[in-house]
Amino acid sequence: MAPALPSVSRDCTLCPRLVTFRNDLRIAEPDWHNAPVPSFGSPEAKLLIVGLAPGMHGANRTGRPFTGDWAGDLLYATLLKYGLATGEYKEDPNDGLTLVDCRITNAVRCLPPENKPVGQEINSCGKFLAQEIAAMPKLKAIVALGTVAHGAILVANGEKRGARKFAHGAQHGLTNGLLLADSYHCSRYNTNTGRLTEPMFHAVFEGLLARLV
Ligand code: URA
């Protein structure tokens with residue numbers, strides 16, 4: 001039997017800065033999720049997508065990774081295009097969208113100020129990512145959205161954070177047999193500046209799916 005999925009308390013205290021931020025937001029926005037965001041999709045999936053951290057008005061508000069913010073529009077449209085999701089994405093965790101052989105999580109599960117988790121937060125939350133990966137018995141490949149996710153995945157797999165260089169479109173065979181595919185993060189900043197275009201993002205999934213069949 002695969003090891004258990006991580007159990008992350010709504011009131012996790014591993015990262016003092018994020019706890020303070022979360023507590024302030026619980027007062028300012030009592031109707032928001034304002035807690036560690038659980039992964040989305042079946043742990044029986046072949047593919048795991050790892051983002052950076054919840055966005056303030058996206059996952060931190062709605063409670064589902066990439067749901068309700070800019071980055072989710074491109075991510076979910078791409079998953080629907082390649083058959084990795086079915087249904088309709090409506091920026092709402094109750095939209096009925098289902099992931100197909102795919103799961104989404106974040107390197108850091110709580111909202112960081114200015115979308116920038118610090119080293120201690122990435123390290124502390126890394127234990128949940130490692131548990132997540134260990135608990136996916138059919139996992140074959142992981143997509144890293146950005147350099148923080150790339151480094152966190154390497155560490156979670158027992159490698160050094162800098163053991164493999166991040167490059168958009170690169171694929172790395174990890175020591176444990178998993179395939180790691182790198183993509184620039186599908187953030188508003190990256191898409192607005194042209195660092196990441198829709199065809200570039202699609203190409204990451206096409207390249208990966210070609211290896212997974
Ligand atoms: N929403 C997430 O859940 N993760 C990200 O990395 C960005 C937005």
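Modeller: This is a predicted model, in which local features need pLDDT of at least 70, side-chain atom pairs count only at pLDDT 80 or more, and totals for chains, interfaces and linings use all residues. Residues are numbered from 1 along each chain as its sequence is written, and side-chain values use heavy atoms, with hydrogens and water left out.

Colleague: Which residue has a polar side-chain atom 2.7 Å from an oxygen atom of the ligand?

Modeller: A polar contact here is a pair of N or O atoms within 3.5 Å; within protein, one must be able to donate a hydrogen and the other to accept it, and residues adjacent in sequence count only if both atoms are side-chain atoms. The backbone supplies a polar atom of Leu52 at 2.8 Å from a ligand oxygen, and an N or O atom of Ala53 at 3.0 Å from a ligand nitrogen. The side-chain atom at 2.7 Å from a ligand oxygen belongs to His185.

Colleague: How much of the ligand's accessible area does the protein cover?

Modeller: Areas come from the Shrake-Rupley method with a 1.4 Å probe; for residues, only the protein chains shown count as cover. On its own the ligand has 240 Å² of accessible area, and the protein covers 95%.

Colleague: Is His185 buried or exposed?

Modeller: His185 is in the loop between strand E8 (179–183) and helix H6 (188–192); helices (H or I, at least four residues) and strands (E, at least two) are DSSP runs, numbered from the N terminus. Buried means under 20% relative accessible area, exposed over 50%, and partly exposed in between (1.4 Å probe, protein chains only). Because its relative accessibility is 16%, His185 counts as buried.

Colleague: What is the phi of Asn115?

Modeller: Most residues other than glycine have a negative phi. Glu114 has a positive phi near 55° and lies in the loop between strand E5 (102–106) and helix H4 (119–134), where it is exposed at 69% relative accessible area. Asn115 is in the loop between E5 and H4 and is partly exposed at 44%. Its phi is also positive, and for Asn115 the value is near 60°.

Colleague: How far apart are the C-alpha atoms of Gln131 and Ala4?

Modeller: Gln131 is found in helix H4 and is partly exposed, with a relative accessible area of 31%. Along the chain, Gln131 and Ala4 are 127 residues apart, while their C-alpha atoms are separated by 7.4 Å.
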